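This report covers helix packing. Two packed helices are described by the angle between their axes and the distance between the axes.

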Amino acid sequence: MRVGGWAADVGLGAVFAAVLAFWASRIAGSWGGGYWRFDCAAGAVVCVIALARRFDPARAAGAGLAVAATAVLAARFADLPSEPGPGMALGLAVLVGTAVRALPVLTACGVAAGGLAVAAGSLLTAHTLAAAVPSVTLMNVLAWAFAVVAGLCPRLLDARRRAVADRVRRAERLRLARELHDVVAHHVTGIVVQAQAARLVARRSPEKAGDALAEIEAAGSDALAAMRRVVGLLRDPDEPAAPAPGGLGELGGLGDLVGRFEAGGRAVRLRLPGEEETATWPPEVAATVYRIVQESLTNVSRHAPRARSVTVSVERDRETLTVEVADDSPRGPSRHHQRGGYGLIGMRERVEALGGTLRAGARPGSGWSVLATLPVPRSQALPERARR
């Protein structure tokens, strides 16, 4: 359990003890004798169970409700003070709220229904014949309602966050699917062209290669058509096709992107490998590097208005490519919360799809950093200008 969780439980235990002591003094003053002992003991058991709820919320809720139901029956037949008392009601509220917040839907509904049954069961122990709802029942029903609302609100917020995150991941996967189509289409088209050319050459010896090359051509054409059909199903018909980013070292790529960012008044230091090096990278890796830098610079513009300079570094060490975007903005109290947006989800989805890792967080001292590592296989062929 985290330190904050322990501190919260210590505070909650102090509240439990204060409520139990207060109600015991009230019972002793109005009923006299030792009538307070039963309420205090039963309430203490439920409160202790509530403090141990983090270990197993479902069993804790079940045990707390069982103790409360037993206390209600005992108070009814032994002519004891009304149950559940304030201390027990508070413990039950903690158990019900935790269950509604964290347990599966059916289990949470069962715990909530059990809590309502115990609250309504307090009518059996009411010592008044007034037409109005007994105060003990009203107190328990209000505590139950507060617990349900307190547990349901964060549960719905978490569900909304997960839905938004899923939409971001789905959008990024569709973007990757479109890029995959473009990359594969390029290579498959090359295979088809080569196969067609090879057929012309093989006419001198058709018995050796003609049939095989015809099969290669047919397979390549079928694969390309199938890829277009599948990705066409994934593509949103209302979404315009996004232009592919240029090469990393060209003005239409990272250079142009950094130039637009610098127009906003921030200096950018850009470190890139040589053009001959980047030309050998797979297109999906180059596109991912572009997206990481684009999203990181966008986050700096939105969430770090006091940043004065940004460093964009792209380096390769053997078969690992490292991309880092770091700024020098002062650290603020809400910086971490602001920078944890859904853009990081999309970047992480893209990076992990390529077998890489992504880490984003505050830098030592000041500033924020986005660091991604991507695997880049060694190219089997040099670029054209290198061969020359």
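## Terms and source

Axes are lines fitted to C-alpha atoms, for helices over the stretch in contact, and angles between N-to-C directions run from 0 to 180 degrees. Helices are DSSP runs (H or I, at least four residues), numbered from the N terminus.

This is a predicted model, in which local features need pLDDT of at least 70, side-chain atom pairs count only at pLDDT 80 or more, and totals for chains, interfaces and linings use all residues. Residues are numbered from 1 along each chain as its sequence is written, and side-chain values use heavy atoms, with hydrogens and water left out.

## Helices α2 and α4

The axes of α2 (residues 36-51) and α4 (residues 86-102) lie 8 Å apart, and the helices pack at an angle of about 20°. The two are therefore roughly parallel (an angle under 35 degrees). Their crossing is left-handed, the near helix being turned anticlockwise from the far one by less than a right angle.

Ala 42, Gly 43, Val 46, Cys 47, Ile 49 and Ala 50 of α2 make the contact with Gly 87, Met 88, Gly 91, Leu 92, Val 94 and Leu 95 of α4 (heavy atoms within 4.5 Å). By class, this contact of α2 with α4 has nine nonpolar, three polar and no charged residues. Ala, Val, Leu, Ile, Met, Phe, Trp, Tyr, Cys and Pro count as nonpolar, Asp, Glu, Lys and Arg as charged, and the others, Gly among them, as polar.

## Helices α3 and α5

Helix α3 (residues 57-77) and helix α5 (residues 105-121) have axes that come within 10 Å and cross at roughly 15°. That makes α3 roughly parallel to α5. The crossing of α3 past α5 is left-handed.

From α3, Ala 58, Ala 61, Leu 65, Ala 68, Ala 69 and Val 72 meet Thr 107, Val 111, Gly 114, Gly 115, Val 118 and Gly 121 in α5. The contact of α3 with α5 has eight nonpolar, four polar and no charged residues.

Notes. Angles under 35 degrees count as roughly parallel, over 145 as roughly antiparallel, 65 to 115 as roughly perpendicular and the rest as oblique.
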